[in-house]
Amino acid sequence: MIKTINDLVLKAKEIETKTLVVACAADEHVLEAVEMARQEDIVNPILIGNKTEILGIFKQHNINESNYEIIDERDKPTACLEAVKLVSANNGYYLMKGLVDTSVILKAALNKEFGLRTSNRISHVSVMEVPTHDKLLYMTDGAMNIAPNLDEKRQIIENSVKIAHAVGNKLPNVGIICAVEKVNPQMEATLHAADLVKMNEDGIIKDCIVGGPFAIDNAISVEAAKHKGITNPIAGNIDILVMPRIEAGNVFYKTMMFLASAKSASVIAGAKKPIVLTSRADSKESKFYSIALGALVTNL
């Protein structure tokens with residue numbers, strides 16, 4: 001099983017090279033990350049955006065433009081639509097957000113005529129390597145779904161399980177994260193946890209083991225789980241952390257990145273193809289890792 005982000009990158013290098021289409025590509029850190037992925041033969045890039053600005057960034061970073069197909073489109077909504085059309089029409093292609101608002105690229109991605117929409121809800125999945133933890137952690141959702149209801153959480157779990165499978169975890173432990181580890185009728189997240197566990201037991205949610213409610217400590221620490229007398233067999237050994245709301249996921253992600261020196265890779269799942277959608281504050285390395293993850297899950 002893959003246990004580090006570097007292992008993830010190595011696996012992405014072993015598979016067939018994918019085509020990455022970057023919408024509104026004139027972003028310095030995005031282009032640095034794309035060049036890193038191109039040099040590792042993970043992707044063949046197609047860049048759509050302001051060609052003059054893209055070439056200016058290339059010159060600044062000594063990137064050879066002859067390695068790239070560049071489509072000059074200065075209107076950002078149009079660039080996003082063109083990128084989505086390419087990805088939708090071609091096997092082995094996937095999408096990355098450049099210097100454009102998330103709402104603009106998602107509007108194009110979910111276009112009913114030629115977009116990447118499916119019957120599934122889309123959700124954000126982060127894969128993190130935390131120095132103090134002995135395996136990769138998956139976290140969802142810290143970027144897309146604000147206050148998911150029960151059925152939306154079911155779909156969020158299913159999306160994240162597919163990502164875990166692609167990375168090599170064939171039966172991930174899924175923990176429903178709450179503020180407490182007991183069902184409390186006044187805390188909706190704990191009621192959701194009980195219902196999601198029942199869905200897993202009934203075979204509605206498949207190919208994983210769902211447990212909860214868990215507080216974050218007894219989800220990732222066996223000692224904490226023992227100390228609190230929690231007997232659930234997956235307590236302390238969770239792979240996928242399912243957050244109750246976007247605030248919890250967002251705070252957890254940024255805390256891991258900026259205080260715990262985590263490495264991370266993130267994609268939007270639930271569409272026909274993965275969408276690499278990173279924060280402007282993410283480093284070029286995080287963007288590179290996300291490109292590698294996207295390559296692994298392109299053909300799900």
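Helix α2 (residues 28-39) has 12 residues and, at 1.5 Å a residue, should span 16 Å; its end C-alpha atoms are 17 Å apart, which agrees. The expected span is 1.5 Å times one less than the number of residues in the helix. Helices (H or I, at least four residues) and strands (E, at least two) are DSSP runs numbered from the N terminus. The model is predicted, with local features requiring pLDDT of at least 70 and side-chain atom pairs pLDDT 80 or more, while totals for chains, interfaces and linings use all residues. Residues are numbered from 1 along each chain as its sequence is written, and side-chain values use heavy atoms, with hydrogens and water left out.

The buried residues of α2 are Val 30, Leu 31, Glu 32, Ala 33, Val 34, Glu 35 and Ala 37. Buried denotes under 20% relative accessible area, exposed over 50%, and partly exposed in between (1.4 Å probe, protein chains only). The cover over these α2 residues includes β1 (18-23), β2 (43-49), α3 (51-60), β4 (93-97) and α11 (284-297), where contact means heavy atoms within 4.5 Å. Just after α2, Asp 41 adopts a positive phi of about 65°.

For helix α7 (residues 188-201), the 14 residues should span 20 Å at 1.5 Å a residue, and the end C-alpha atoms are 20 Å apart, which agrees. Its buried residues are Ala 189, Thr 190, His 192, Ala 193, Leu 196, Val 197, Met 199 and Asn 200. Among the elements covering them are α6 (150-167), β7 (173-177) and β8 (209-214).

**Backbone geometry and selected residues**

Most residues other than glycine have a negative phi, and most peptide bonds are trans. A cis peptide bond with omega of about 5° joins Thr 140 and Asp 141; Asp 141 is placed in the loop between β6 (137-140) and α6. A cis peptide bond also joins Gly 212 and Pro 213, with omega of about 5°, and Pro 213 lies in strand β8.

Asn 62, in the loop between α3 and β3 (69-72), has a positive phi near 55°. Asn 62 counts as exposed because its relative accessibility is 72%. Asp 207 belongs to the loop between α7 and β8 and has a positive phi near 65°. With a relative accessible area of 48%, Asp 207 is partly exposed. The backbone oxygen of Asp 207 lies 3.1 Å from a polar side-chain atom of His 165, a residue of helix α6. Not counting residues up to four places away in sequence, His 165 touches Lys 170, Pro 172 and Asp 207.

Val 276 lies in strand β11 (residues 275-276) and is buried, with a relative accessible area of 0%. Not counting residues up to four places away in sequence, the contacts of Val 276 include Tyr 94, Leu 95, Met 96, Lys 97, Ser 266 and Ile 291.

**Pocket and cavities**

Rolling a probe the size of a water molecule over the atoms shows where empty space is left. On a 1 Å grid over the protein atoms alone, a cavity is a set of points where a 1.4 Å probe fits but cannot get out; a pocket is an open set with protein on both sides within 12 Å along at least five of seven lines, and lining residues have an atom within 4 Å of a point. Grid points are joined across faces, edges and corners, and a volume is the space filled by probe spheres set on the points.

The largest pocket is lined by 15 residues, of which His 124, Gly 142, Ala 143, Asn 250 and Ser 279 lie nearest its centre. Helix α10 supplies the largest share of this lining, three residues. A search of the whole structure finds two cavities of 30 Å³ or more.

| Space | Volume | Lining by class |
|---|---|---|
| Largest pocket | about 230 Å³ | five nonpolar, eight polar, two charged |
| Largest cavity | about 60 Å³ | two nonpolar, three polar, four charged |
| Second largest cavity | about 30 Å³ | four nonpolar, two polar, two charged |

In these classes, Ala, Val, Leu, Ile, Met, Phe, Trp, Tyr, Cys and Pro count as nonpolar, Asp, Glu, Lys and Arg as charged, and the others, Gly among them, as polar. The lining of the largest cavity includes Asp 27, Val 30 and Ser 279.

Key. Polar contact = N/O pair within 3.5 Å; in protein donor to acceptor, adjacent residues only side chain to side chain.
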